[in-house]
Amino acid sequence: MKSKILFLVAICTLTVLSCDDELDLQPLDSITIDTFYNSRADFDGAIFAAYSSIQDFWGTSTETLSERGEYWKLSMVITDDVAADPVTSDQISIDVDNLQLRAADVPYAAVYTQIYEGIFRANLVLGNLDGENELTAEDKTVLEAEAKFLRAWFHFQAMKMFGTPPIALEVLTDINNLALPNATQEDLYTAILGDLGTAAAGLPDAWDSSNTGRATSWAATALIGKVNVFREDWPAATTALANVVNNGPFSLVPNYEDVFAFTNENNSESIFEIQYGGPQSDDNLWVFDDTHSENFKASQGTGRGWYWDAGNGAPGGKLGWWAPTQDLVDSFEAGDTRLPTILYQDGDMYFTTFESLPYDTEWSSTNYTLKKYRGEINTVPGNHAPNQQADFNNERWMRLAEVKLLYAEALIRGSGDLGVARTQIDDIRTRAGLAATTAADGDLLAAMMQEKRVELALEPHRWFDIVRWDLGPTIFGGDWDPRYEVFPFPQSEVDRSDGLLDQNTGY
């Protein structure tokens, strides 16, 4: 699942296709398209390469675009939940935190590249399924479904971030004609939901233990529901989400902290999880094989801050790059048992892989520090690189708690059964040690929004909810500008498209 050999294949593909026929030579010691796409193992490797582009969303590289967790900045630091630490954050993090969004800055190019790299890799699989190979009809059905799930996943992220990004449904082979135009949102929804329909029909309900983490039919169905929530097609959203909640093999993990435990990856609540590897291949967070020219390796980790900086004398040199805000802390009700899992605060013990010590609020510019996915429960062997530069705990990208709250939203906004909607919200609150919501029917949507903020705190969903719920003017006041509803296309992509890709208004 963690294999990432197809990046080299992708480069070879572009190189071979751009060569003159008279120079179309195939070195005997090289893998080519004609020889690679043959066995099921070959196609599995190609699929895994597309998954690896999702890993790179949290990637760091000092060689290509000087990336440093760019997706974190665009999904979390920009929100009211997280602040860029003025001491340890880079300047672009601070700028994004202050809604200074510039088309020439690294985050937009980095994430855009990772998205379309993933789409390209999925399209490579789809484009080679019908060639001469050893695949059975069942193999082709499953691989087509999986590649289309991934293609839809990437297109959905592109739409959430950029509004009207291009739709890429094939591998372009004309080196002089590689640019694509903006797509309409309606065309994007049609393409995304079409791919997800194929995925839901063709993927298995579950994989065997050797394929843990691959997308399932349930993941596709859940994503159909979420896409339709964004589309505000409430009947379609309700149908898909109700199916997952009522018929899927998922259940809430009884203890909130255990949801994010390294020893509890791919648990009963997890619907789609970004798989990370371990330090056996490389312990250097700064060298990811998709963003660096070092030799390819089989796995990678993610950076969620540092555990220790001996030269600074404090854990993480004031605890990493980004800090939870007071506004986030104030949004929790008294007695909410989720808060101690989500962040460190005054009076806590702070845990590293070396030792534990009293938490010092001076380590963070906001007096709080990210703890979700970390804390004492995650100091177990195997979760951290020996040099402390990477974590290997999976990212729980979509879990049942989110689906239940999306289901509640679809019911409330679609004039559905408010009693069922309350049940979804109260299930989440009960686990957090809170009483059932007392919100009146007319206030139930606001109660759901509040519950989603605290339940999914420090997970990459808040910004997109702020935008689609039109909360920007309320949260940011006079600093808000409607152009922030979408990010700028990378200026480099606009320039190289020679007028085919239009920049978003205001950038």
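Some ground rules come first. Numbering starts from 1 along each chain as its sequence is written, and side-chain values rest on heavy atoms, with hydrogens and water left out. Since the model is predicted, local features need pLDDT of at least 70 and side-chain atom pairs count only at pLDDT 80 or more, while totals for chains, interfaces and linings use all residues.

Of the 507 residues, 58% count as buried; buried here is under 20% relative accessible area, exposed is over 50% and partly exposed is in between, with a 1.4 Å probe and protein chains only. Among contacts with a separation of 6 or more, 69% come from residues 24 or more positions apart, a contact being heavy atoms within 4.5 Å.

Helix H9 (residues 217-231) turns up in two packing arrangements, one with H7 and one with H15. With helix H7 (residues 137-162), the axes come within 11 Å and cross at roughly 25 degrees. Axes are lines fitted to C-alpha atoms, for helices over the stretch in contact, and angles run from 0 to 180 degrees between N-to-C directions. H7 and H9 are therefore roughly parallel to each other (under 35 degrees; over 145 is roughly antiparallel, 65 to 115 roughly perpendicular and the rest oblique). Their crossing is left-handed, meaning that the near helix is turned anticlockwise from the far one by less than a right angle, with clockwise giving right-handed. On the H7 side, Phe 149, Trp 153, Phe 156 and Lys 160 meet Ala 219, Ala 220, Leu 223, Lys 226, Val 227 and Phe 230 of H9. Sorted by class, that contact of H7 with H9 has 8 nonpolar, no polar and 2 charged residues (nonpolar: Ala, Val, Leu, Ile, Met, Phe, Trp, Tyr, Cys and Pro; charged: Asp, Glu, Lys and Arg; polar: the others, Gly among them).

H9 also packs on helix H15 (residues 400-413), at about 40 degrees and with the axes 10 Å apart. H9 and H15 are therefore oblique to each other, and this crossing is left-handed too. Ala 222, Lys 226 and Val 229 of H9 make the contact with Glu 402, Val 403, Leu 406 and Glu 409 of H15. The class tally for H9 with H15 is 4 nonpolar, no polar and 3 charged residues.

On to the rings: a search of the whole structure finds 28 aromatic pairs. Rings of Phe, Tyr and Trp (its six-membered ring) pair if their centres lie within 6.5 Å; planes under 30 degrees apart are stacked, over 60 edge-to-face and the rest tilted. Phe 149 and Phe 272 have ring centres 5.2 Å apart and planes at 70 degrees, so the pair is edge-to-face. Phe 149 sits in H7 and Phe 272 in strand S4 (residues 270-274), so the pair ties together parts 123 residues apart in sequence. Both Phe 149 and Phe 272 are buried. For Tyr 350 and Tyr 359, centres 6.3 Å apart and planes at 35 degrees make the pair tilted. Tyr 350 is buried at 1% relative accessible area, and Tyr 359 counts as buried at 5%. Elsewhere, ring pairs link Tyr 108, Trp 463, Phe 476, Trp 480, Tyr 484 and Phe 487 into a cluster.

Finally, Asp 195 lies in helix H8 (residues 185-202) and counts as buried at 6% relative accessibility. Neighbours within four places in sequence aside, Asp 195 is in contact with Lys 148, Arg 151 and Ala 152.

Conventions: Helices (H or I, at least four residues) and strands (E, at least two) are DSSP runs, numbered from the N terminus.
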